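Welcome to this short tour. Keep your viewer open, and select each stop as we reach it.

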Amino acid sequence: MGKILSMVDCLTKSDVFKGLAEDQYDRILDRGMNKHLPPHQFLFCQSDPASQCYMVTKGQLKLTKLNENGKIVTIRYVGSGELTAAVAVIKNGVYPVTAESVQETEVVGWSQPTMMELMRQFPEIAINLLGVILSRIEDIQQRYLEVCTEQVDQRIARSLLRLMRWKGNKNKKGVLIDIPLSRQSLADYSGTTLYTVSRTLSAWEKKGWIETGRERIIVTDPHALVAFAE
């Protein structure tokens, strides 16, 4: 019962499913399929037929894309209450990215016919989804602008701040980015190399802006990082 309640709670906090009545949330969950992923397991792969869209109810997914040069780029991270692959499923196309669990993760998925039926039954879902899509387009445009106009260390700073705002937890030392985050993952997310990220993080650690560990980063001086990024 506790698991069902937590899934309903995820729906109520979701930007896509917000604004519905409680009994409607139960009906939406009844139409979905639950799936458990151990760490570092693929949920779906780039170019596969988009058969289902998914909402994370526990843990996180990492969305990556293989570009024409064979480089893997991290597009974004998806956390609890967030939906992924909805546009691809509605278009009845292919998955544009690969989704991999960052840690132990649980999702609920809906097929293309089910999602279309839910949007007809509950128009709020379609309206909310449009808002989410526009927000993600703005985020992609902002990141593209950063790649074109900013120095690489500024991009790394912005990437850390973006992750900190999304999944940051305050502790005695500062703000912990509460996902397993290796230097290679940060390099993929920032659009740069492992060497550049390692050099930059080491310099910031000496300045007292951050503290790093194994797949762990604490922002110890957020104000300094914000000032540098700007």
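pLDDT is the predictor's confidence in each residue, from 0 to 100. The chain averages a pLDDT of 89, and 98% of the residues score at least 70.

**Stop 1: the confidence colours**

Select strand β2, residues 42-44, where confidence is highest, at a mean of 97. Then go to helix α1, residues 2-13, where confidence is lowest, with a mean of 69. Within the chain's opening stretch, residues 1-5 have a pLDDT below 50, and beyond near neighbours in sequence this stretch makes two contacts in the model. Where pLDDT is low, the predicted coordinates should not be read in detail.

**Stop 2: aromatic rings**

How many aromatic pairs are there? The count comes to eight. A pair of aromatic rings is described by the distance of the centres and the angle of the planes.

Select Y77 and Y189. These two rings form an edge-to-face pair, with 5.6 Å from centre to centre and 65° between the planes. Y77 belongs to strand β5 (residues 72-78) and Y189 to helix α7 (residues 183-190), so this pair ties together parts that are 112 residues apart in sequence. Are these two residues buried or exposed? Y77 is buried, at 4% relative accessibility, and Y189 is buried as well, at 6%.

Now move on to W204 and W209. Their ring centres are 6.0 Å apart and their planes meet at 35°, so this pair is tilted. W204 is buried, with a relative accessible area of 3%, and W209 also counts as buried, at 14%.

Next, select F44, Y54 and Y95 together: they form one aromatic cluster.

**Stop 3: a charge over a ring**

Show the side chains of W166 and K167. The charged end of K167 sits over the ring of W166, 5.8 Å from the ring's centre.

**Stop 4: the largest pocket**

Rolling a probe the size of a water molecule over the atoms shows where empty space is left. The largest pocket holds about 930 Å³ of space. To find the pocket, select I75, R76, V97, R136 and I140, which lie nearest its centre among the 38 lining residues.

Which elements give two or more residues to this lining? They are β4 (61-66), β5, β6 (83-84), α3 (86-90), α5 (123-149), α6 (152-167) and α7. Finish by selecting α5, which provides the largest share of the lining, 11 residues.

Notes: Residues numbered from 1 in each chain as written. Predicted model: local features only at pLDDT ≥ 70, side-chain atom pairs only at ≥ 80, totals over all residues. Heavy atoms only, no water. Phe/Tyr/Trp six-rings, centres within 6.5 Å; stacked < 30°, edge-to-face > 60°. Helix = DSSP H or I, 4+ residues; strand = E, 2+ residues; numbered from the N terminus. Buried < 20%, exposed > 50% of the residue type's maximum accessible area, 1.4 Å probe, protein only. Lys NZ or Arg CZ within 6 Å of the ring centre and 35° of its normal. Contact = heavy atoms within 4.5 Å. 1 Å grid on protein atoms, 1.4 Å probe; cavity = no way out; pocket = protein on both sides within 12 Å on 5 of 7 lines; lining within 4 Å. Points joined across faces, edges and corners; volume = space filled by probe spheres on them.
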